Amino acid sequence: VMSSGGRRRPEGPGKRRTPNQYARRDDLVRGMMLPQPKGTFSPPLAHEDPIAPLVYAVARAGDERKAQGISAVRVSALTSATSFFVSMVGKSKVQVQAISGHVADVLEEEFGLRAQPQGESGSGWVALDYGDLIVHVFTPAQRSFYALDKLWRNGQALGLEGVVSPEGLQEPREEEEVDFFGMDADDGIWDEEDEDLWG
């Protein structure tokens, strides 16, 4: 693929990320984090949260469009950005578009909620921001690169067994290695000494 300036641009799963892309990712991640107080913290269970029915509806909608790796985590103790993240994977950019579109339709029909999608299916990542809930729909490569599940590992998981199919909970099998973008778990974003706020 040739750029407007006549230079060849890399394409496909083998293209390399630039330092600026890593910097933007790091800024995005750090901007969502809050300093955490030390001490005992005993939040109510995730399924008792008033946002849980909305989370279940999102998970079911993704499952209806054959999303995989569907997960939900409550992060209200970790960030002021939102209360829940729901993450799911489409095997292709076309499927990412179908999943995100169906989730948006279901939430508008059942709850009267609208979200302005962030990102495009062509990038492999679409985010739907509903305020107290943010839905992420990724291709496998983009989910591996951003690794939000690892970032929010100290959040409180909301079990989705019985809500979505076993296939919906299953992680997709990838054709290529998940680390072809060169992402390193020791890139300075995650601190292994982070306190588990959920006990």
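**Notes on the helices, the sheet and the ring cluster**

1. Helix α2 has 13 residues and reaches 18 Å from its first C-alpha to its last, close to the 18 Å expected at 1.5 Å a residue, where the expected span is 1.5 Å times one less than the number of residues. Helices (H or I, at least four residues) and strands (E, at least two) are DSSP runs, numbered from the N terminus. Just after α2, K66 takes a positive phi of about 65°.

2. On the basis of these notes: this is a predicted model, in which local features need pLDDT of at least 70 and side-chain atom pairs count only at pLDDT 80 or more, while totals for chains, interfaces and linings use all residues. Residues are numbered from 1 along each chain as its sequence is written, and side-chain values use heavy atoms, with hydrogens and water left out.

3. The protein has six helices and five strands, and from the N terminus on its elements run α-α-β-β-α-β-β-α-α-β-α. Of the 199 residues in the protein, 43% are buried; buried means under 20% relative accessible area, exposed over 50%, and partly exposed in between (1.4 Å probe, protein chains only). Among contacts (heavy atoms within 4.5 Å) between residues at least 6 apart in sequence, 73% join residues at least 24 apart.

4. The five strands form an open sheet with mixed pairing, in the order β3-β4-β2-β1-β5; two strands are taken to pair if DSSP finds at least two bridges between them. Strands β3 and β5 (156–157) stand at the edges, each with a single partner strand, so one side of each is left without a neighbour in the sheet. Further in, strand β1 (residues 68–74) and β2 pair in the antiparallel sense over five bridges, and A72 stands opposite V86 in β2.

5. Which helices pack on this sheet? Helix α2 touches β1, β2 and β4, and its direction makes about 5° with that of β2. Helix α3 touches β2, β3 and β4, and its direction makes about 155° with that of β4. Axes here are lines fitted to C-alpha atoms, for helices over the stretch in contact, and angles run from 0 to 180 degrees between N-to-C directions.

6. The buried residues of α2 are A52, L54, V55, A57, V58, A59, A61, G62 and D63. They pack against β1, β2, α3, β4 and α6 (166–169).

7. Helix α3 (residues 93–111) has 19 residues and reaches 27 Å from its first C-alpha to its last, close to the 27 Å expected at 1.5 Å a residue. In α3, Q95, V96, I99, S100, H102, V103, V106 and L107 are buried. These residues cover an arc of only 160° around the axis, which puts them on the same side of α3; the arc is that of the directions from the helix axis to the C-beta atoms. What covers them includes α2 (52–64), β2 (84–89), β3 and β4, whereas the face turned away from the buried side carries the exposed residues V94, Q97 and E109. The helix is followed by G112, whose phi is positive, near 70°.

8. Is strand β3 (residues 125–129) largely enclosed or open? Four of its five residues are buried, so β3 is largely enclosed by the rest of the structure. Leaving aside its neighbours within four places in sequence, L128 is in contact with S100, V103, A104, A115, P117, L133, I134 and V135. L128 and P117 are eleven residues apart in sequence and 4.9 Å apart in space, C-alpha to C-alpha.

9. β3 and strand β4 (residues 133–138) pair in the antiparallel sense over five bridges, and the bridge partner of W125 in β4 is F138. The two strands form a hairpin with three residues between them, and G131 in the turn has a positive phi of about 85°.

10. Rings of Phe, Tyr and Trp (its six-membered ring) pair if their centres lie within 6.5 Å, with planes under 30 degrees apart counted as stacked, over 60 as edge-to-face and the rest as tilted. By this rule the count comes to four aromatic pairs. W125 and Y146 form a tilted pair, at 4.3 Å centre to centre with 50° between the planes. This pair links distant parts of the chain, with W125 in strand β3 and Y146 in helix α4 (residues 140–146), 21 residues apart. W125 counts as buried at 16% relative accessibility, and Y146 is buried with a relative accessible area of 15%. Ring pairs link W125, F138, F145 and Y146 into a cluster.
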